Amino acid sequence: MGKALFTQGAEPSCSICHTLADAETMGEIGPNLDTMRPDYDRVMRALVNGVGPMTPYDSLTDEELDALSHYVASATKADNVEP
Amino acid sequence: MGDFKIGRRSLLAGSGAILSVMASGVRVQAQESVTALPDYVSWKDADALIVHSNSTIEMERSAFGTSAFTPEDRLYVRNNVAPPPASILDDRDAWEVSIDGVAEPRSLTLAELKTMGITTVAMVLQCSGNGRAYFEHEPSGTPWQVGAAGCVMWTGVPLRVVVDALGGAAEGMEYVTGTGGETLPEGLDPLTLLVERSVPLDALDDILLAWELNGEPISLAHGGPLRMVVPGFTGVNSVKYVTKVAMTAEQSPALIQQTRYRLQPVGEEGGPDHPSVWQMSVKSWITGPLDATQAGRVQVTGVAFGGTTNVASVEVSADDGQTWSTAEFIGPDLGKFAWRPFVAQMDLQPGTYRLVSRATDADGNQQPEQTEPNDPGYNHNGWRAPGIEIEVA
C-alpha cells in the first residue's frame, strides 16, 4: 500500500517532488529520498506536520500514514523502518 | 487533526531511534551519515560539511575556526525548492528583476542595477531552523545544530536606491515582497511551492539586491545571479534567484509566507495569525575546543551576534552556566549584522567540563537559557543546549 500511496494515492503525489528509485520517480523539487534515507519517524513527522514548503497530508488515515512512512524508510534502506 | 497530531507525536517520542542524551539531559538528534555532495555544490569543501539531504547541508562545528567571515565553500546550504538550472548563470548581466509597487514600475537587468549604486554588507546568514536539534519536542525538519549559519559579505545595490530611482514606494505599501525564480512542477498549486517572502517595509533601508558573495559572483547554491538580501533576518527571507521585488500592501499569498515559517505553539498548525519568522535574536555558541584538550591555559573560542543590532558582550562558562567569565572579541568589527568571534582564556585543571556561552546585544537582550518552543523549531537561541562537553587531561 505504501508504494501505491507514494506514486498515486497521496494528493498531491509524492512523485511530483521527490526522487525515489524504488518507485521510479524523478521529482527534483524536494529532497532526493534515496540520498536522504529518512527513517520511519522522520517521514512520519514530515507527513503529519509538513516541513519547509511541504504541507501536512491531512487527508491520509493513520493506516495510510504508517504504510507510507514504512515504505519510504524501507525503500531507501534507512536505519530504522519501524516507529 | 490536532488530537491525532499530538497522539502521533507521543507515539513518535517513544521510539528513541536516533536520539542521544547529552550531559545536560538535553536530547539531540544524531546527524545522519554523510553522503556525497550534490552536483550543484560539488565545489564545496566536503570535509567541512554534513549532508543532511541534497537541499540541506550544514557546516561542521569544527569548521567555524576564528574567522570573522565564512568562506563560501564551507557555508551551509538550504533550498526550499530545488535550484533553477545552472544555465541561468550563463549571462548574469542579462538577468532581469521586475520592481513593482513603486511610482514607476519596470524591469531592470543586473547590468543596469550595477550602474545604480554599490555597497557591501557583512551579515550573519542563518537558517531559520538552525538549532532545531536542541528543541526537545522533536520538530519536523532538518535537525540542524549550529552549522546552518555563516557570516558573509554581500555586495550589491541598496534596494532603497532602486526604489527611489523608480519614484519611491507607492502609497499604502507595508511590505517588501521578493519572488524566487525556481522552476515549479506542474500538478501542484504554484502557491504551495512558490518561494515568495514578505518582510516589513521598515527593512527597506537595509535590503540589498546582491550579485557578489565574499567578493565573487554568487553561486547557484546561494542564489546567483541575484539575491534579495535582508540583513538581520533569517535566511529564508533573503530570496534567491530573485525575479520580482514588490512593495506590497499585504504579505505574499504563498504558503511559505502564510502558513510556513510561523512561530505557532507546539501541536498547532501555522497560520497568518502566528508571528512570521523574520528578525534574528542575539545568539552565540562555542567553536573550540570541541573534544579532549590539555590542562592549563585553554583558549575557548566562539561566535556571537545580535541579529538586528550589535552584540555587546559574551560570557563563557566551563561549568554549564554555574559561573561565568567575560570573553573578549577578536578580529575586526564588521558591523551590526555580522558576528564577532570571541575568546575566553581559561585555566582548566584535569577533569570534565561543559562549555557554554551567553551573549548580550546592545539593547540589553541576553540569550535565554532555553528558547520557548515553537512547533516547527525555529529561532533557537538558548545558551544551554548547544554546550560542548570536553575532557581536560
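Mentor: What follows is a set of questions about a predicted model, each answered by setting a value against its cut-off.

Trainee: Why is His18(A) called buried?

Mentor: The word buried is used under 20% relative accessible area, and His18(A) has a relative accessible area of 13%, so His18(A) is buried. This residue lies in the loop between helix H1 (2-9) and strand E1 (19-20) of chain A. Leaving aside neighbours within four places in sequence, His18(A) is in contact with residues including Phe6(A), Thr25(A), Leu33(A) and Met54(A).

Trainee: What makes the pair of His18(A) and Pro31(A) a polar contact?

Mentor: A polar atom of the side chain of His18(A) lies 2.8 Å from the backbone oxygen of Pro31(A), and the limit for such a pair is 3.5 Å. The value of 2.8 Å is therefore within that limit.

Trainee: How do you know that Gly52(A) counts as buried?

Mentor: Gly52(A) has 6% relative accessibility, and the cut-off is under 20%, so Gly52(A) counts as buried. Gly52(A) is placed in the loop between H3 and H4 of chain A, and, not counting residues up to four places away in sequence, it touches Arg78(B), Asn80(B) and Arg260(B). From Gly52(A) to Gly30(A) there are 22 residues in sequence, and the two C-alpha atoms are 9.3 Å apart in space.

Trainee: Why is H3(A) described as largely enclosed by the rest of the structure?

Mentor: That description is used because 10 of the 10 residues of H3(A) are buried. Among them are Tyr40(A), Asp41(A), Arg45(A) and Asn49(A). After the helix H3(A) comes Gly50(A), whose phi is positive, near 80°.

Trainee: Which helix gives the most to the side of chain A that touches chain B, and how much area is buried between the two chains?

Mentor: Chain A and chain B bury about 3,000 Å² between them, with 56% of it on carbon and sulfur atoms. In chain A, the residues that lose the most area to chain B are Ile29(A), Arg45(A) and Pro53(A), which together make up 24% of what that side buries. The contact takes 32 residues from chain A and 37 residues from chain B.

Trainee: What makes the pair of Glu138(B) and Arg45(A) a salt bridge?

Mentor: The side chains of Glu138(B) and Arg45(A) meet at 3.2 Å, N to O, and the limit is 4 Å between a side-chain nitrogen of Lys or Arg and a carboxyl oxygen of Asp or Glu, so the pair qualifies. The count between chain A and chain B is one salt bridge, and there are six residue pairs in polar contact between these chains. As for the helix you asked about, H3(A) gives the most to the side of chain A that touches chain B, with eight residues. The residues of that side divide into 16 nonpolar, eight polar and eight charged.

Trainee: Which residues have the most contacts inside the largest nonpolar core?

Mentor: The largest nonpolar core has 33 residues, and Leu113(B), Leu159(B), Leu209(B) and Val245(B) have the most contacts inside it. H3(B) gives the most to this core, with three residues.

Trainee: What does Leu113(B) touch, leaving aside its neighbours within four places in sequence?

Mentor: Leu113(B) is in contact with residues including Val97(B), Val162(B), Leu209(B) and Trp211(B). Apart from this core lies another, of 24 residues, among them Leu49(B), Met59(B), Ala149(B) and Met280(B).

Technical notes: Residues are numbered from 1 along each chain as its sequence is written. Chains are lettered from A and ligands numbered from 1 in the order in which they are written. This is a predicted model: local features need pLDDT of at least 70, side-chain atom pairs count only at pLDDT 80 or more; totals for chains, interfaces and linings use all residues. Side-chain values use heavy atoms; hydrogens and water are left out. A nonpolar core is a set of buried Ala, Val, Leu, Ile, Met, Phe, Trp, Tyr and Cys residues joined through side-chain atoms within 4.5 Å. Buried means under 20% relative accessible area, exposed over 50%, partly exposed in between (1.4 Å probe, protein chains only). Helices (H or I, at least four residues) and strands (E, at least two) are DSSP runs, numbered from the N terminus. Contact means heavy atoms within 4.5 Å. Buried area is the accessible area (1.4 Å probe) that two parts lose on being put together, summed over both. A polar contact is a pair of N or O atoms within 3.5 Å; within protein, one must be able to donate a hydrogen and the other to accept it, and residues adjacent in sequence count only if both atoms are side-chain atoms. Ala, Val, Leu, Ile, Met, Phe, Trp, Tyr, Cys and Pro count as nonpolar, Asp, Glu, Lys and Arg as charged, and the others, Gly among them, as polar.
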